[in-house]
Amino acid sequence: MRAGLPIDVVGVRYSGRTSYLTEVGDRLSEDGWQVVWVRGNASLSGTPFGILMAAGFLTQSTPGQLRPTLPLAVDALAAAAPSSQSVLLIDDWDDLDEASWGAILAFRQRSDSGIVLSRVLGRAPRLSAQGVYPATPGNALVARIPALTFREMRGELERRLGGPIDHTTLTQLFAKAGGLIGVACQLVEVARLTGRLVQVEGLWTSEGDLWSPELIGVAESWLEFLSSEQRDAHEMLALAGICELETVRRFADWPTLESLEATELVRVHSAGSRVLVTAQPPLLVEYYRHRPRAIRTIRLTENLRGKLGAEPEVLSPHSTLGDPSHGDLVLGGASQTRRQAAVISRLVYEQNRTRALVARADWQRTPSAASTASYAQALIVSGADSAEIEAVLGTELPGAQDRVDMVWLIRLRAEWQAFAQLDLVGALRLLHEIPEAWAPLHRMAEVWSVSLQHTLRDVPKNFSGALDLDEELPDSLRISLLRVRTNLFTTLGRFESALEAIDGAERFSQEELGFSIDSLRGVVLLGLGHSEQAMTWSRRGYEEALTALDVQALRGHAAALVYALEADGRYAEAEAILAVALPLNSAPRTLEVTATEVALHGCAGLIAARRGRREEAIRHAEVAESFGLPDVPVLHDCVPLLRAQLLIGENRISEAKELLWRRGQNLFERGYRFPGILLLLTALEITPDPEQLREVTQLAEMLDGEFVHGYLAAVTLQHDREQRSGELVEVAERLVRSGRTGLALSLLQRSSSDSDPAAAALRERLSAEILSRAPERVYETARVHPRHTTLTGREGEVARLIAQGLGNAQIADLLVLSVRTVETHVHRIMRKLNCGSRQQVRALILGLG
C-alpha cells in the first residue's frame with residue numbers, strides 16, 4: 001500500500017477475507033490513513049451505481065436530478081478519499097455493478113489513493129451489460145488467504161471462546177471446517193447456541209455431532225453460483241466418496257470439473273499412476289448427507305449408479321494418496337504444511353467411513369473371527385461408541401473357525417480389555433484362553449502377555465524364553481512376536497538385539513510387516529547413534545504413510561521422527577510434522593494408538609514449553625496424562641520431561657531435577673532402562689552432582705548405543721571444571737553424529753573456559769562449521785535452561801539492556817534506578833536463566849544460546 005500498488009485479496013468462502021481486509025483497514029487507520037469502505041452486493045449488481053448509492057456516496061443533489069452520472073460518482077469518491085494517504089477497501093468486488101466499478105477505475109486514474117480488493121477464489125466477476133468482464137487494476141499484488149494450521153485454529157477459537165477446547169472436539173472442528181476459520185467460527189457459534197458445545201470444568205467440549213440444521217445457510221452459500229450441472233456433479237462426487245478421475249469422468253464432463261476445481265470445490269490428488277478426486281469443503285459434503293431431500297438424493301444416486309454401471313468406486317483401504325515426486329500432501333514448505341492437515345483429516349474421515357461400512361457388510365453377511373476382528377478394528381479406528389465395539393467383539397461365532405483368525409480376535413479382545421477398560425488382569429486371563437491344543441499358536445498367549453505387562457506395568461523378568469522365534473508359527477504371528485521383541489530390547493537399551501529382530505523380519509512382505517515394527521527401526525537407529533539414517537528412515541516412512549493415507553503408520557513414524565528432531569534441537573521441523581499428525585487423533589484403545597498418542601503429545605508439549613508457550617504445554621501434558629498410562633514410559637518418557645521443563649520455567653530448578661531423578665531411578669529399577677537413563681542424565685544436565693554421575697555411569701554400562709553414551713560424555717564434560725579444548729571438540733562431534741546437535745552447540749557456547757581466547761576462538765569456529773553443514777536447519781540450544789523463563793517486567797527490561805552490552809551504571813541511568821537495585825536485578829536474572837556470566841545472558845536473550 002505504501003508503494004502505491006493495488007492489492008487483490010483472494011480466498012475461498014469463509015477463509016477470512018473480510019476479516020483480513022478489516023485488519024488492513026485498522027492498521028492503516030492507526031498510521032493516519034483515511035479508510036473508505038465499499039461492499040459488493042449481488043442483489044444490486046444489475047443497478048447502475050447501485051453499490052455507490054447504497055454506500056452513501058451518491059444522493060439526489062438537485063430536485064430535478066434523478067439519476068447519478070459518472071462525473072458525480074467520481075467526484076464523490078474523490079471527496080471521500082482526497083489524498084495519497086487515502087485507501088478504498090472494496091469487499092466482494094466481483095459483486096459490484098458495472099457503473100460503480102467503472103467510477104472506481106476512473107477515480108483511480110486521476111488519484112494517488114490506494115485500493116484493496118477482496119474476491120472469492122475462482123469465481124468470475126459478473127458480466128457487464130455488454131457481455132465483458134470488468135477490468136481489474138493493473139499491477140495488482142495478489143494476497144491469497146490460506147487455510148489455518150491446527151495450532152492457529154486452536155488459538156483463534158480459544159480466543160473467541162475465552163477458554164481451552166478439548167483436543168478431540170478441536171479435531172472435529174478442524175476436520176469439518178477444512179482449515180477455514182470462518183466455517184469453524186460458524187460451527188462453534190451454532191454448537192454453543194444449540195447446546196452441542198458446552199464448557200465442563202473450564203474446558204469446551206462437544207456433546208454429540210457438531211452438525212445441526214442451523215448450518216444449512218452456511219453450506220448453501222457455496223452453491224449459490226453453481227449451475228445445475230455443477231451442483232449435480234459435486235453432490236454425486238460427495239455421495240461416491242473418493243473416486244478415481246476416470247470414474248468421475250463418467251458422470252462429470254471436463255468443463256464442469258475444471259470449474260469446480262477453480263473454486264476449490266474439488267481436490268485432485270496424484271496417487272502413483274492414479275488420479276483421485278474428492279468433494280470439498282467438508283461441511284458442504286456433510287450438508288448433502290444431512291439434508292432432508294430424499295427425492296433429490298435418490299435421483300442422484302440412481303443417476304450415479306446408471307452412469308457407473310455399479311456401486312461408486314471408492315478409495316480402498318490399500319490405495320495410496322499423494323505423489324511424493326510432485327510434493328503433493330508431503331512436507332515441502334510452509335504453504336503445503338498449512339493446508340495438509342485439513343485435507344488429510346477430511347480424507348481420513350472418508351476412508352474410515354468406507355472401511356467401517358465395508359467391514360460391517362462383510363460381518364453381517366458372514367460372521368466369522370476374521371470379519372469380527374476386521375469390523376471391530378474399523379470401529380475402534382473410527383472412534384465408534386464403546387458399547388458398539390464391545391457388542392461386536394462379543395459376537396457369538398459358529399463352531400468351526402480358523403484358528404489363526406481366532407487367535408487374532410482373542411488378542412484384540414485382550415487389548416481392548418487392557419486399554420479401553422484398564423483391566424490388565426482380565427486381559428491376561430483372556431489371552432490364556434488360547435488352548436494348548438492349538439500348538440504352536442498357544443505360544444502367542446505368552447508373547448502378548450509379555451507385551452501387555454511391558455506396556456502397562458514393568459518389563460517382565462526372564463522374558464527371553466517366551467520370545468524365542470518359532471519357525472512353525474504363521475508369518476503374521478512371527479511378525480507380531482518380532483514386534484514385541486523389538487519393543488522389549490529397545491526399552492532395555494539393547495539396540496543391537498533390537499536391530500537383529502527387525503532385520504529378521506525383512507524377508508516378510510511390506511504388506512504383512514505392518515507399520516509398527518517398521519517405525520521402530522527409526523528409534524533403534526537413533527539409539528545406536530545413527531542419527532541421519534534414523535531421520536531419513538522415519539521421514540520416508542512418514543511420507544509413505546501420508547501417501548497411503550495410513551493414519552496409524554503416519555502417527556507411528558511421526559512420533560519417531562519428532563522424537564529425533566526434538567533431540568537434535570530442530571523444533572521448527574518437529575512442529576511441522578506435529579501440525580499434520582496431531583489432528584489425526586484416535587481414541588487410545590489399543591497398545592499402538594495409546595503409545596503413539598502419549599509420545600506425540602509429550603513431545604509437542606516439551607517443545608512448546610521450551611519455546612515459551614506455557615499454556616499450550618500444559619494442555620499437551622494433560623492430554624497425554626489422560627490416556628491412562630501415568631506410570632509407563634513412551635520413547636524417552638517425554639511427559640515427565642515436559643513437567644520438569646514447566647517447573648524450570650517457574651525457576652523451580654531443584655524440584656525439576658528431583659522429579660527427573662526419582663522418575664529415572666524408578667524406571668530403571670522396573671526394567672525401563674533406556675527412558676530411565678535418559679531422565680537421569682537430563683537431571684544431571686540441570687544440576688551437576690559428581691556422586692550421582694558415578695552412579696549413572698555404572699548404570700549406562702548395561703546399555704549399548706551412542707545416543708546414550710554420547711549424552712553421558714557431554715554430561716560428564718559439564719561436570720569437569722577444567723575442560724580441555726580437544727576433549728570438548730571430540731564430545732561435540734560425537735553429539736552431532738548421534739543426533740544431539742543442539743546440545744553440542746549449547747556445550748560449545750556454555751563452556752567454562754571463557755578466559756582462554758584461543759579456546760574460545762576454536763569453539764566459535766567449530767560452532768560455525770557445524771552450522772554450515774546444513775545451513776537451512778535451525779537449532780534450539782536452550783534445552784533445560786530455556787530463554788523462556790519467568791522474568792518480571794523490570795527484569796525483562798534489564799535483561800534486554802544487558803543483551804545490548806550496557807553496564808550496570810548505564811542501565812541504572814536509563815531506568816532511573818540505583819546501581820545497587822540494578823545489581824540485584826542482574827543477580828536474579830542470572831539465577832533464573834542459570835547463566836554464569838553477562839555474556840551468557842546476552843546469548844540467551846539474542847537467541848544464541
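Colleague: Strand 1, residues 7-11: how many of its residues are buried?

Modeller: In this predicted model, 5 of the 5 residues in strand 1 are buried. I7, V9 and G11 point one way from the strand, while D8 and V10 point the other way.

Colleague: OK, and which strands make up the open sheet, in what order?

Modeller: The order is 2-3-4-1-5, with parallel pairing. The twist averages 20 degrees from one strand to the next.

Colleague: Which strands stand at the edges?

Modeller: Strand 2 (34-39) and strand 5 (141-144) do. Each has a single partner strand, so one side of each is left without a neighbour in the sheet.

Colleague: How many bridges join strand 1 to strand 4?

Modeller: There are 5 bridges, and the two strands run parallel.

Colleague: What about strand 4, residues 114-120, mostly covered or mostly open?

Modeller: Mostly covered, with 6 of its 7 residues buried. Strand 3 (residues 86-91) also pairs with strand 4, over 4 parallel bridges, and there L89 stands opposite V116.

Colleague: Then how many bridges join strand 2 to strand 3?

Modeller: 6 bridges, again parallel.

Colleague: Which strands does helix 4 lie across?

Modeller: Helix 4 (residues 98-110) lies across strand 3 and strand 4, and runs at about 150 degrees to strand 4.

Colleague: Switching topic: which residues touch the most other members of the largest nonpolar core?

Modeller: L452 and I677, in a core of 137 residues. Helix 25 (residues 551-568) supplies the largest share of that core, with 12 residues. Apart from it lies another core, of 54 residues, including V218, L223, L237 and V266.

Colleague: What is L452 in contact with, leaving aside its neighbours within four places in sequence?

Modeller: Its contacts are A414, E415, A418, F419, L424, A427, L428, L431 and R457.

Colleague: At roughly what angle do helix 19 and helix 20 cross?

Modeller: At roughly 30 degrees, with the axes coming within 10 Å. The crossing of helix 19 and helix 20 is left-handed. On the helix 19 side the contact includes R443, M444, V447 and W448, and on the helix 20 side L477, S480, L481 and V484 are among the residues.

Colleague: What's in that contact by class?

Modeller: The contact of helix 19 with helix 20 has 8 nonpolar, 5 polar and 1 charged residues.

Colleague: Is F49 buried or exposed?

Modeller: F49 is buried, as its relative accessible area is 9% and the cut-off for buried is under 20%. L422 has a positive phi as well, about 50 degrees, but L422 is exposed, with a relative accessible area of 53%. L422 sits in the loop between helix 17 (403-420) and helix 18.

Colleague: Last one, where is R831?

Modeller: R831 is in helix 39 (residues 819-832), and is partly exposed at 43% relative accessible area. The C-alpha atoms of R831 and N651 are separated by 8.5 Å, though the two residues are 180 apart along the chain.

Colleague: And the whole chain, how many helices and strands?

Modeller: 40 helices and 10 strands. Of the 849 residues, 55% are buried.

Note on methods
Residues numbered from 1 in each chain as written. Predicted model: local features only at pLDDT ≥ 70, side-chain atom pairs only at ≥ 80, totals over all residues. Heavy atoms only, no water. Core = buried A, V, L, I, M, F, W, Y, C linked by side-chain atoms within 4.5 Å. Buried < 20%, exposed > 50% of the residue type's maximum accessible area, 1.4 Å probe, protein only. Contact = heavy atoms within 4.5 Å. Axes fitted to C-alpha atoms, helices over the stretch in contact; angles between N-to-C directions. Left-handed = near helix turned anticlockwise from the far one by under 90°. Nonpolar A, V, L, I, M, F, W, Y, C, P; charged D, E, K, R; others polar. Pairing = 2+ DSSP bridges.
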